[in-house]
Amino acid sequence: MITTSSWKLTIIALFALSAIGGTAFSLSAGAVNVSLADIWDALQDPAASHRDVIWNIRFPRTLVAALIGINLSLSGAILQGVMRNPMADPHIIGVSSGAGLVGIAVLILFPSYAYLLTPAAFLGGIGAALVIYLLAWQGGISPVRVVLAGVAVSAFLNSGISALLTFYSDRVNGALLFMVGGLATRSWPHVSLLIPYTLLGGTLALIGVQRMNVLLLGDAEARSLGLRVEGMRLYLLAVATLLAASSVSVVGMLGFVGLIVPHAARLLIGSDYRFLLPASALLGVTVLTITDTLSRIMFAPVELPSGILMGVLGAPMFLWLLRRRGA
């Protein structure tokens, strides 16, 4: 007889296999299709025929896609627990918009300080998250108020982005791709930038996993068990914002990953964060590596930004969630 834990571990193992498959697909498909045997040779032998294509172009880009998938999926899963709302994600509730506004301001107004993009995006994201949290708080967190506050704050911040692009139209070339979100030209320096944030954010999320499960019981029950609810929420909010802001600073405002992936994982594995976090991370790798690869090959030689494809997938998912919640 299969126990619940065995079933969840089986699902996680399947997600791990799908992540490996997505990574292999990303490395092999493109303008030049490369076999798995040639990929292995290129990774091992500096003199291999496809070494430059695999090692210098596809491999770092695939790693960036995997790290972004992990970061955004974990951020979405955490926010959905903190806000007690399965429709929350960094993009929808405005965290990405806060990070994006500050990021675009740096790119347009202070391009010489582009190396500060990640910490600046984090400050913008955490500021937006705190404003949303304060607006949604009224004797407790209401899922409806979270979404409404997030939509309002996101609209306000997006207006700021539009104003910057209007007043500084001669400097918008680099900012346009940042707004849509995409992985074009991402390489080894971006991998080096992301890895510390992924490791730190993932570790901090795992540290709080038991407390996230307690939060699911409701504020009153969590307090009766000795949990400092508001302090824990702020901690988790900071972790989710760190993960989302680091992603925004590298690939721009890539939306809906934090919505689709954790919810899909939750449907299969449940809401126990001991299993949900690793499942979301692995599924995030799968979704983003495959999405990025499709964005490269669907309209070749023209590359479609990954954010557009994610929007096409994510908007129907959001509408479906709204209808499901209403039912």
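Q: Is the crossing in which H3 passes H11 left-handed or right-handed?

A: H3 passes H11 in a left-handed crossing; that name applies if the near helix is turned anticlockwise from the far one by less than a right angle, and right-handed if clockwise. The model is predicted, so that local features need pLDDT of at least 70 and side-chain atom pairs pLDDT 80 or more, whereas totals for chains, interfaces and linings use all residues. Residues are numbered from 1 along each chain as its sequence is written, and side-chain values use heavy atoms, without hydrogens and water.

Q: Why are H3 and H11 called roughly antiparallel?

A: H3 and helix H11 (residues 229-251) pack at about 150°, with their axes 9 Å apart. Angles over 145 degrees count as roughly antiparallel, and H3 and H11 are therefore roughly antiparallel to each other.

Q: What makes the contact of H3 with H11, by class?

A: The contact has 15 nonpolar, four polar and one charged residues. Ala, Val, Leu, Ile, Met, Phe, Trp, Tyr, Cys and Pro count as nonpolar, Asp, Glu, Lys and Arg as charged, and the others, Gly among them, as polar.

Q: Why are H3 and H13 called oblique?

A: The axes of helix H3 (residues 51-82) and helix H13 (residues 273-297) cross at roughly 135° and come within 7 Å. Angles under 35 degrees are roughly parallel, over 145 roughly antiparallel, 65 to 115 roughly perpendicular and the rest oblique; H3 and H13 are therefore oblique to each other. H3 passes H13 in a right-handed crossing, and by class their contact has twelve nonpolar, nine polar and four charged residues.

Q: How do you know whether Thr-289 is buried or exposed?

A: Thr-289, in helix H13, has a relative accessible area of 0% and is therefore buried (buried is under 20%, exposed over 50%, partly exposed in between, with a 1.4 Å probe and protein chains only). Beyond four places away in sequence, Thr-289 touches residues including Gly-22, Thr-62 and Ala-65, where contact means heavy atoms within 4.5 Å. A polar atom of the Thr-289 side chain lies 2.6 Å from the backbone oxygen of Val-285.

Q: What makes Ser-280 count as buried or exposed?

A: Ser-280 also belongs to helix H13. With a relative accessible area of 0%, Ser-280 is buried. Residues touching Ser-280, not counting those up to four places away in sequence, include Ser-73, Ala-77 and Pro-262.

Q: Why is Leu-109 called partly exposed?

A: Leu-109 lies in helix H4 (residues 95-109). Its relative accessibility is 30%, and Leu-109 therefore counts as partly exposed. Leu-109 touches Leu-164, Tyr-168 and Arg-171, leaving aside residues up to four places away in sequence. Leu-109 and Tyr-168 are 59 residues apart in sequence, and 8.6 Å separates them C-alpha to C-alpha.

Methods: Axes fitted to C-alpha atoms, helices over the stretch in contact; angles between N-to-C directions. Helix = DSSP H or I, 4+ residues; strand = E, 2+ residues; numbered from the N terminus. Polar contact = N/O pair within 3.5 Å; in protein donor to acceptor, adjacent residues only side chain to side chain.
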